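Thanks for making the time this morning.

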Amino acid sequence: MTAGAPIDYIVVNGVIYTSDPEQEWAEAFAVSAGKIAAVGTEDDVRRLATGDTPTIDLGGRFAMPGLVDVHAHLGLGGRQQAFELPILPTDSVPEILDKVRTWTERLQPDEWVVGGIVGSTVIDDLTTDDLKALDDAAQGHPVMLRDDSMHNRWVNSRALDIMGVTADSPDPDGGSYVRNADGQLTGVLYELAGNLAESAVAEAVEDPAAHHATAIKTAVQTLNSFGITAVQEAATMDYALETLHRLDEQRQLTAHVVASMPSRTFIEPGITGAELYDVGARHRSAHVRPDFSKYVLDGVPMTRTSAMLNPYICSHHSHDRDFTGEPLWGLDELVESLEDLVDRGLHAKLHATGDAAVRRVLDAVERVRASRGDAPIFQIAHVEYIDEADLQRFADLGVVPDASPYLWFPSVIQESIAKQIPAETFDKSWPLRDLFESGALVSGGSDWPCAAPTPDPWTGLATMVTRRNPDSAVQGELNGGQSIGIQQAVAAFTRNPAAAMGLGDVTGTLRPGLSADFIVLDRNVLIENPAAIHQTTVLQTYFEGRLVYEAADEDAAGVAADLAESAS
């Protein structure tokens with residue numbers, strides 16, 4: 001325990017988990033100038049206070065560090081929350097069409113219907129008949145709906161007209177306009193084909209700056225409501241850098257944000273690569289760190305665009321029984337690009353869903369480590385499939401597994417994947433226990449708004465442990481032998497991702513000198529039945545010692561009010 005500047009307030013009389021391996025539990029802590037000033041026994045902390053020092057009396061409740069999300073999309077998630085048609089990944093085509101038809105009633109003529117998320121099992125089977133039905137439901141409006149991977153889109157005929165896409169249009173590099181056996185467009189856009197649709201939607205926004213500000217403020221407030229106080233934005237475009245910087249200058253940014261700037265053309269429109277890195281450098285601020293570049297090594301298994309070591313299941317999508325997909329980067333060009341990136345002082349987040357893409361990244365990092373040393377941070381996002389021969393390489397090479405919890409329990413997205421990936425590979429997915437035991441820095445991220453409508457980390461914590469869908473009506477588990485313990489899961493959402501983002505000396509634990517980012521919960525998640533952790537309610541969220549969120553429902557609000565009154 002240390003003391004320094006005058007104490008702003010102390011926190012006592014609760015169960016406090018610090019996530020600091022050197023001192024995991026405490027009776028109390030003190031906050032000064034936005035930082036943790038002391039952690040220890042209640043008697044020791046109280047001795048630092050004066051008679052006028054405010055006290056937060058937890059009343060026996062549970063407190064812990066603010067959570068850290070290593071992978072979220074603030075622009076996409078915020079726009080979805082603030083402006084767009086909500087669709088559940090379990091919605092059927094008729095349910096989606098009903099929602100589109102109802103949504104059009106609030107729109108001006110020619111205004112876009114934008115929404116999501118459409119389940120992969122729906123995207124799998126869309127036909128030209130569904131396109132006609134979408135046209136009818138849209139009542140003349142252009143439509144763009146995103147799927148649960150955020151890699152693919154479903155648009156209607158009006159949108160295709162605006163995009164200038166016809167049945168004769170050649171597929172763009174890195175994407176495809178899905179057609180039926182007769183060559184007719186279905187309205188489904190795979191991968192970078194969605195860039196044209198996103199560009200058309202963006203061009204229709206009347207006040208982009210205000211639109212982006214509302215979206216990103218909404219995204220950060222949503223994160224705070226789930227107890228998240230630090231996040232790595234997983235594909236940060238120029239508009240997001242500018243907006244985040246402006247919000248931070250206005251003291252409206254209530255989370256530490258690490259940006260990941262795309263190295264090449266991305267689904268969202270905008271500049272990429274060196275030009276974008278320069279924009280990032282100009283928009284660094286107290287809480288905005290443009291420290292990473294985003295690399296995309298492959299697509300997603302649902303559309304057979306992941307790069308796999310073993311062939312996909314033979315299906316109507318491909319008659320090639322040896323088809324495995326290919327990484328989007330050659331080894332030599334990836335090494336060269338990463339070395340240039342490191343020379344710029346940046347780190348890398350690399351999307352790799354297939355085991356061949358994972359191996360390509362590990363092979364490249366091995367060469368970059370040899371030439372550039374151990375300081376750069378390399379994260380592999382998703383790590384759904386890893387060949388057993390590559391598991392230990394994560395720890396040996398200091399590569400961070402960036403794992404997305406919403407994807408590792410039985411769900412529509414896994415149902416779709418199972419149609420494409422052979423059982424011998426599918427059944428070994430998400431080897432989290434092996435990664436933890438190897439010494440790798442397993443870090444949790446929501447990948448919001450992919451797969452689910454919120455960045456709820458408590459579902460992630462629960463399913464890391466149970467490997468089951470939190471909905472008891474959905475039976476089965478996904479590779480249950482790879483479940484981890486609750487303390488490992490908490491580490492994966494606190495200190496591990498903080499270190500993985502370069503924020504280990506800023507946040508992630510309740511330790512003297514670090515930011516006073518902490519949350520008060522309605523339960524002790526360390527002793528809770530794992531199957532109920534997804535029901536956790538955040539009562540209060542503090543960022544740099546400031547209360548930035550408190551629960552609004554009647555019961556939780558009463559508890560939060562008691563806590564706030566005790567600090568006054």
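Let me begin with serine 438, where a polar atom of the side chain lies 3.5 Å from the backbone nitrogen of alanine 440; please keep in mind throughout that this is a predicted model. Serine 438 sits in helix 16, which covers residues 432-438, and its contacts, leaving aside residues up to four places away in sequence, are Leu391, Gln392 and Ala395. Is serine 438 buried or exposed? With a relative accessible area of 14%, serine 438 counts as buried, because the cut-off for that word is under 20%.

The next residue is threonine 353, which belongs to the loop between strand 18, residues 347-352, and helix 12. Its relative accessible area is 5%, so threonine 353 is buried by that criterion of under 20%. The side chain of threonine 353 reaches the backbone oxygen of glycine 299 at 2.9 Å, and, again not counting residues up to four places away in sequence, threonine 353 touches Asp298, Gly299, Val300, Pro301, Ser306, His382, Glu384 and Tyr385. For a sense of scale, the C-alpha atoms of threonine 353 and alanine 133, which are 220 residues apart along the chain, are separated by 33 Å.

From there I turn to the nonpolar packing. Which residues touch the most other members of the largest nonpolar core? They are Met64, Leu338, Phe394 and Trp458, in a core that holds 94 residues. Helix 12, residues 355-372, gives the most to this core, contributing eight residues. There is also a second, separate core of 22 residues, and among its members are Val100, Ala137, Val178 and Tyr190. As general background, nonpolar side chains in soluble globular proteins tend to be buried together.

At the start of helix 17, a side-chain oxygen of aspartate 456 reaches to within 2.9 Å of the backbone nitrogen of tryptophan 458. Helix 17, residues 457-466, is mostly covered, with nine of its ten residues buried, and the buried ones include Pro457, Trp458, Leu461 and Met464. Just after helix 17, arginine 467 takes a positive phi of about 60°.

Finally, I would like to set two helix pairs side by side. Two packed helices are described by the angle between their axes and the distance between the axes. Helix 2, residues 74-82, and helix 8, residues 208-225, have axes that come within 7 Å and cross at roughly 95°, and these helices are therefore roughly perpendicular to each other. On the helix 2 side the contact includes Leu74, Gly78 and Ala82, and on the helix 8 side it includes His211, Ala215 and Leu223; the residues of this contact divide into seven nonpolar, seven polar and one charged.

For helix 9, residues 238-249, and helix 10, residues 273-282, the packing angle is about 0° and the axes are 9 Å apart, which means that helix 9 is roughly parallel to helix 10. Here Asp238, Leu241 and His245 of helix 9 meet Leu276, Val279, Gly280 and Arg282 of helix 10, and the residues of that contact divide into three nonpolar, two polar and two charged.

Methods
Residues are numbered from 1 along each chain as its sequence is written. This is a predicted model: local features need pLDDT of at least 70, side-chain atom pairs count only at pLDDT 80 or more; totals for chains, interfaces and linings use all residues. Side-chain values use heavy atoms; hydrogens and water are left out. A nonpolar core is a set of buried Ala, Val, Leu, Ile, Met, Phe, Trp, Tyr and Cys residues joined through side-chain atoms within 4.5 Å. Buried means under 20% relative accessible area, exposed over 50%, partly exposed in between (1.4 Å probe, protein chains only). Helices (H or I, at least four residues) and strands (E, at least two) are DSSP runs, numbered from the N terminus. A polar contact is a pair of N or O atoms within 3.5 Å; within protein, one must be able to donate a hydrogen and the other to accept it, and residues adjacent in sequence count only if both atoms are side-chain atoms. Contact means heavy atoms within 4.5 Å. Axes are lines fitted to C-alpha atoms, for helices over the stretch in contact, and angles run from 0 to 180 degrees between N-to-C directions. Angles under 35 degrees count as roughly parallel, over 145 as roughly antiparallel, 65 to 115 as roughly perpendicular and the rest as oblique. Ala, Val, Leu, Ile, Met, Phe, Trp, Tyr, Cys and Pro count as nonpolar, Asp, Glu, Lys and Arg as charged, and the others, Gly among them, as polar.
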